[in-house]
Amino acid sequence: MSDTPPVRDTHRARKRFGQNFLHDEGVIDRILRAVHPTPGQHLVEIGPGQAALTGPLLASGCRLDAIELDRDLAADLRQRYAGEPRFRLIEADALRVQLATLAPTGQLRVVGNLPYNISTPLLFHLFAQRALITDMHFMLQKEVVERMAAGPGTKAYGRLSVMTQFYCDIEHLFGVPPGAFRPAPKVHSAVVRLTPRRAAPPCDPAQLGRVVTAAFAQRRKTLRNTLKAIADETLLAGLDIDPGARAETLALADFIAITNRITQVSDTTP
C-alpha cells in the first residue's frame, strides 16, 4: 500500500468521463493482491484518475504506462511522478490507443477502473489486441461482469458473454460496494480477471461477431428468423442445432460451429 495521498482530492468528478474515484483502502489492497505486479513487468493502467492504484503499482517495481483523458488529472499525474523513470503518462482516449505503440513485443498487463459508459467498446478494443496482453484486471459494473461470465440459458447471457468467453478465460474475483468510490455510483461494481486465450478454437473472430450479433439482435425470435440472412435452416439442422431455438440456448461451441460452416460454404461457393 502507498502512504502517498491521491492526486487532486478536490478534483470534481466529471460525469461525461464517467468518473467515480476509488478510495477504499481495503478494496485497493485486494486489487493489488489480485494483480500482484512484480519488478520488471510492464503494466498499462487505464484511467488512473486520482492515482489510488498508480502509486502502489509503481511501488512494486513495475514499469507503468498510465492512460488518462482528463487534462486536469493528467497534469497532476505528470507533476506527481515527474522524474520517475518507470512511469509514462499517455494523455489520450483509451479507445484510440494502440498497445503496439507502447510495447511492440507484447507481454503487457492491463489494469483499470473502467468508466462504465465506455466499458463494453473498450473491452472489444482490447480483445482485438489480445496478442499483446498477458492478462487484464478491471473494475466494472457488477452487471457487466455477470454478463461476461454468464452461461447459456441464463438471463444475463448474450453477445458480450459469447465474445468475451471466445477471447478470454474469465474470473469474477470479488464485488465492490458503491461506498468504495467518490462520488458513490448508483450501482455495485466487481473486479474481474481476464486472461486472453492462446489456443482459441479455430474461427474467424469477425465472422463470429457478425453471427452472434445477428443471433441476439432480437432475443425473443428464433434462430430461423434472426440468422435467415446468413444461415438457413438446412445449415443449422446439419449441425444438430434446432432452427426453432433461441440464441440464448446456444453454447459458444455452437456459435463457432455455425460460423465455421458459413465460412466453409462461402469458400466453396463459386
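Strand 6 is mostly covered, with eight of its nine residues buried; buried means under 20% relative accessible area, exposed means over 50%, and partly exposed lies in between (1.4 Å probe, protein chains only). Welcome to a predicted model, in which local features need pLDDT of at least 70, side-chain atom pairs count only at pLDDT 80 or more, and totals for chains, interfaces and linings use all residues. Residues are numbered from 1 along each chain as its sequence is written, and side-chain values use heavy atoms, with hydrogens and water left out. Helices (H or I, at least four residues) and strands (E, at least two) are DSSP runs, numbered from the N terminus.

- Seven strands form an open sheet with mixed pairing, in the order 4-3-2-5-6-9-7; two strands pair if DSSP finds at least two bridges between them.
- Strand 4 and strand 7 stand at the edges, each with a single partner strand, so one side of each has no neighbour in the sheet.
- From one strand to the next, the twist averages 20 degrees.
- Helix 5 packs on this sheet and touches strand 6, strand 7 and strand 9. Contact here means heavy atoms within 4.5 Å.
- The direction of helix 5 makes about 130 degrees with that of strand 6. Axes are lines fitted to C-alpha atoms, for helices over the stretch in contact, and angles run from 0 to 180 degrees between N-to-C directions.

**Around strand 6**

- Strand 5 (residues 108-113) pairs with strand 6 in the parallel sense, over six bridges.
- Within that pairing, Leu 108 stands opposite Ile 133 in strand 6.
- Together, strand 5, helix 4 and strand 6 make a right-handed β-α-β unit. A crossover is right-handed if, with the strands pointing away from the viewer, the path from the first strand over the helix to the second runs clockwise.
- Strand 6 and strand 9 run antiparallel and are joined by six bridges.
- Phe 138 has Val 192 of strand 9 opposite.

**Strands 3 and 4**

- Strand 3 (residues 63-67) and strand 4 (residues 87-90) are parallel partners, with four bridges between them.
- Ile 67 stands opposite Ile 90 in strand 4.
- On the way from strand 3 to strand 4, the chain passes through helix 3 (residues 71-80), and this β-α-β crossover is right-handed.
- The bridge partner of Leu 64 is Phe 87, in strand 4.

**Helix 4, an enclosed helix**

- Helix 4 (residues 119-127) is largely enclosed by the rest of the structure, because seven of its nine residues are buried.
- The buried residues are Ser 119, Leu 122, Leu 123, Phe 124, His 125, Leu 126 and Phe 127.
- Those residues pack against strand 2 (42-46), strand 6 (133-141), helix 5, helix 6, strand 7 (168-176) and strand 9 (189-196).

**Helices 5 and 6**

- Helix 5 (residues 142-149) and helix 6 (residues 159-167) have axes that come within 6 Å and cross at roughly 65 degrees.
- Their crossing is right-handed. A crossing is left-handed if the near helix is turned anticlockwise from the far one by less than a right angle, and right-handed if clockwise.
- From helix 5, Val 144, Arg 147, Met 148 and Ala 149 meet Leu 160, Ser 161, Thr 164 and Gln 165 of helix 6.
- Sorted by class, this contact has four nonpolar, three polar and one charged residues. Ala, Val, Leu, Ile, Met, Phe, Trp, Tyr, Cys and Pro count as nonpolar, Asp, Glu, Lys and Arg as charged, and the others, Gly among them, as polar.

- Thr 54 is in helix 2 (residues 54-59), and at 0% relative accessibility it counts as buried.
- Setting aside neighbours within four places in sequence, Thr 54 is in contact with Glu 45, Pro 48, Leu 64, Tyr 81 and Phe 87.
- Leu 132 sits in the loop between helix 4 and strand 6, and Leu 132 is buried, with a relative accessible area of 17%.
- Not counting residues up to four places away in sequence, Leu 132 touches several residues, among them Leu 99, Ala 100, Pro 104 and Leu 108.
- Leu 132 and Lys 142 are ten residues apart in sequence, and 26 Å apart in space from C-alpha to C-alpha.
- Ala 200 lies in the loop between strand 9 and helix 7 (205-216), and counts as partly exposed at 34% relative accessibility.
- Ala 200 and Gly 40 are 160 residues apart along the chain, with their C-alpha atoms separated by 28 Å.
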